[in-house]
Amino acid sequence: MSENERLFERAKRVLPGGVNSPVRAFKSVGGSPRFIANSDGCRITDVDGASYIDYVSSWGPMILGHNHSVIREAVERAVGNGLSYGAPCAAEVELAELMTELVPGLEMVRMTSSGTEAVMSVLRVARYATGRDKVIKFEGCYHGHSDAMLVKAGSGALTFGVADSGGVSGEVAAFTLTASYNDLDSVSDLLDANPGQVAAVIVEPVAANMGVVPPRGGFLSGLRELCSKHGTLLIFDEVITGFRLSVGGASEFYGVRPDLFAFGKIIGGGMPVGAFGGSAELMSYVAPLGAVYQAGTLSGNPVAMAAGLAQLRYLNEHREVYAQIDGYAAGLASGLTEIANGKATVNRVGSLLTVFFTARNVDSYSAAKSSDTDSYGKFFHSMLNRGIYLPPSQFEAWFVGAAHGDSELDATLSAASSYFDGESPK
Ligand code: KE4
């Protein structure tokens, strides 16, 4: 038995499913997860000493690669000054100042310790600001695991949401309505059916949690217009896209300005950080300034702030990184498209991509769900065995970072060729 398997057996005795986050368990691709011992650049190494080119990148934070010297040194300095104070520190001010400088329309932020917390809190602000209870999300979009976001569409006759997880009460679910991504009519229908009742529409500006599905032309601007018309606040969940698509995130990349934002991942540099924000007016509702209570023991933690600040400063001062990672992802996407030769569809936005095992054009959740997940599982393990670590689910994004280079691109395409050639009839 390998050390990975020994650890997984131990883990399953004390951690539900042997993991601290479900997607890590390899359930949708089969097999046992790899327990990672260390990481550097674009590579991770498991406890059995096997090394992989990493396209999970901790699910997005490691845009500069693992163990980047600028981030490591900033963390080492911060650790020398103490781990946590439970009191304000300069780094949280500096990170908030940089974020509000970089993101158009972002005037004030509150730090949290996860993206889930950021989304949960920003929805509370939206409900208070509008005096309305309902929110609209999109099927297939994921916004963390707060109750109101673990909801799916009710039956056709109903516009009320129904729980999409155990333990979420029906009463809570009823206030979350579900629309179809890239389908503006589905949003206007829900807004018309719930006049004056919808506090917010929350959207991943680039859907990445159904796999990468780009917004159709006019979709995001259409949401902006619909929300303005109905007095509903538009929330961009930029936990993935924030500071990834550009230094100003998706709102700058697409030129559409939401009322409120949620952030995470990259602003933590690998440490636990989330944030939410918007106009000073809307954020003035947040305690202790206003009536919306929101708090956190480790919010603005000095070590986490140091990591996020180091990464964001580097991205701001080296904006050529965006062209570099987008260029790598473009080469990877076009290479994979050619190699798959119609057996898979590759979607890409910036440095995010997904290989969908379907011949269909994937521009909706239903199209994404038509993918053959068994084939993805075989592809995943074929690539893993060749030293390429992909997301262990068809419905996730691949994350390219600045440490991925030509040799990794060649190795990835070569491994993919071995899979697809092996699949082609002789
Ligand atoms: P966290 O609570 O995991 O920090 O963030 C939740 C979240 C919110 N919004 C978006 C758009 C997200 O993608 C996420 C979390 N992303 C997943 C990956 N698809 C995290 C991986 C995991 O759950 O283990």
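A residue is taken to be near a molecule if one of its heavy atoms lies within 4 Å of it. The model examined here is predicted. Around the ligand there are 16 residues, and Ser 21, Thr 116, Asn 209, Asp 237 and Glu 396 come nearest. Sorted by class, this shell comprises 5 nonpolar, 7 polar and 4 charged residues. Both domains contribute to the shell: at least three of its residues come from domain 1 (3–67 + 320–420), and at least three from domain 2 (69–317).

Asn 209, already named among the nearest residues, places a polar side-chain atom 2.4 Å from a nitrogen atom of the ligand. The side chain of Lys 265 likewise has an N or O atom 3.1 Å from a nitrogen atom of the ligand. At Gly 115 the backbone takes part, with an N or O atom 2.9 Å from an oxygen atom of the ligand. On its own, the ligand has 540 Å² of accessible area, of which the protein covers 85%.

The second topic is the sheet. Four strands form an open sheet in the order β1-β2-β3-β15, with mixed pairing. Because β1 (36–40) and β15 (388–389) each have a single partner strand, they stand at the edges, and one side of each is left without a neighbour in the sheet. In general, strands of a sheet pair through backbone hydrogen bonds, in either a parallel or an antiparallel sense. For β3 (residues 51–54) and β15 the sense is parallel, and the pairing extends over 2 bridges. Within this pair of strands, Ile 53 stands opposite Ile 388 of β15.

Technical notes. Residues are numbered from 1 along each chain as its sequence is written. This is a predicted model: local features need pLDDT of at least 70, side-chain atom pairs count only at pLDDT 80 or more; totals for chains, interfaces and linings use all residues. Side-chain values use heavy atoms; hydrogens and water are left out. Two strands pair if DSSP finds at least two bridges between them. A polar contact is a pair of N or O atoms within 3.5 Å; within protein, one must be able to donate a hydrogen and the other to accept it, and residues adjacent in sequence count only if both atoms are side-chain atoms. Accessible areas come from the Shrake-Rupley method with a 1.4 Å probe; for residues, only the protein chains shown count as cover. Ala, Val, Leu, Ile, Met, Phe, Trp, Tyr, Cys and Pro count as nonpolar, Asp, Glu, Lys and Arg as charged, and the others, Gly among them, as polar. Domain bounds come from an automatic or database domain assignment.
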